[in-house]
Amino acid sequence: MQIQMSVDGFVAGPNGEGDWLFLSGKNNPEALQQVIAFNIELASSSDTLLMGRKMAGPGFFKHWENVADNLPDNPWHPMAQLIVNLRKIVFSRNETSLSGRNLEVENGDLATVVQALKEQPGKDILVYGGADFVSSLISLNLIDEYYLIVNPVAIGTGLSIFKEQKILNLESSKAFKHGKIVNKYLPV
């Protein structure tokens, strides 16, 4: 699971706001390249991307498909190509189909479906979010690796992915010059 969070532990503002996510690297091309390189490295180790319906809401897949297809000079172009080509599974209680390349909608029991996916051969499974979806996976002990990208921004209040105590072991930590820190944790 990869998710961005504020230094005070929130993954989004109270209403899902993410306007604070790129404040630390704003107008800093080197910082942007570091973030893109990390995202590409992690996505390249995966062949499946899991998301909740809210995260995959209107525009998410259209945005990445547009960057992949039409914006070769965009610094996010290599990442967009990865996202477009990954098998994507969106979990939803209500939707039965969404538009996007290599996209499936799953309405089954979350624990059963994710456990079955983990048993399939292939590369890693990457989880992006949103907050409620990730929180459900955490509560069901379905996350094997936590990549928490801590931004040097406090937002004061917001959405958390942890609803109960969870003990994690820090496996690695990488600080970027622009202030973001990627902490890799494994569950105990």
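**Salt bridges and one buried serine**

Hi everyone, let's start with Glu145, which counts as partly exposed because its relative accessibility is 28%. For the terms, buried means under 20% relative accessible area, exposed means over 50%, and partly exposed lies in between, with a 1.4 Å probe and protein chains only.

A quick word on the model before we go on. This is a predicted model, where local features need pLDDT of at least 70 and side-chain atom pairs count only at pLDDT 80 or more, while totals for chains, interfaces and linings use all residues. Residues are numbered from 1 along each chain as its sequence is written, and side-chain values use heavy atoms, with hydrogens and water left out.

Back to Glu145. Which residue does Glu145 form a salt bridge with? The partner is Lys184, and the closest N and O atoms are 3.5 Å apart. By salt bridge I mean a side-chain nitrogen of Lys or Arg within 4 Å of a carboxyl oxygen of Asp or Glu. This pair links distant parts of the chain, 39 residues apart: Glu145 sits in the loop between α5 and β6 (146-151), and Lys184 in strand β8 (residues 181-187). Those helices (H or I, at least four residues) and strands (E, at least two) are DSSP runs, numbered from the N terminus. Lys184 is buried, because its relative accessible area is 12%. There is also a network of salt bridges here, linking Glu145, Glu171 and Lys184.

Asp69 is partly exposed at 45% relative accessibility, and Arg101 is partly exposed at 35%.

Next, Glu104 and Arg87, whose side chains meet in a salt bridge at 2.7 Å, N to O. Here strand β4 supplies Glu104 and strand β3 supplies Arg87, 17 residues apart. Glu104 counts as partly exposed at 34% relative accessibility, and Arg87 does too, with a relative accessible area of 27%.

Finally, our serine. Is Ser135 buried or exposed? Ser135 counts as buried, because its relative accessibility is 6%. You'll find Ser135 in helix α5 (residues 131-139). Leaving aside neighbours within four places in sequence, Ser135 is in contact (heavy atoms within 4.5 Å) with Ile161 and Lys163.
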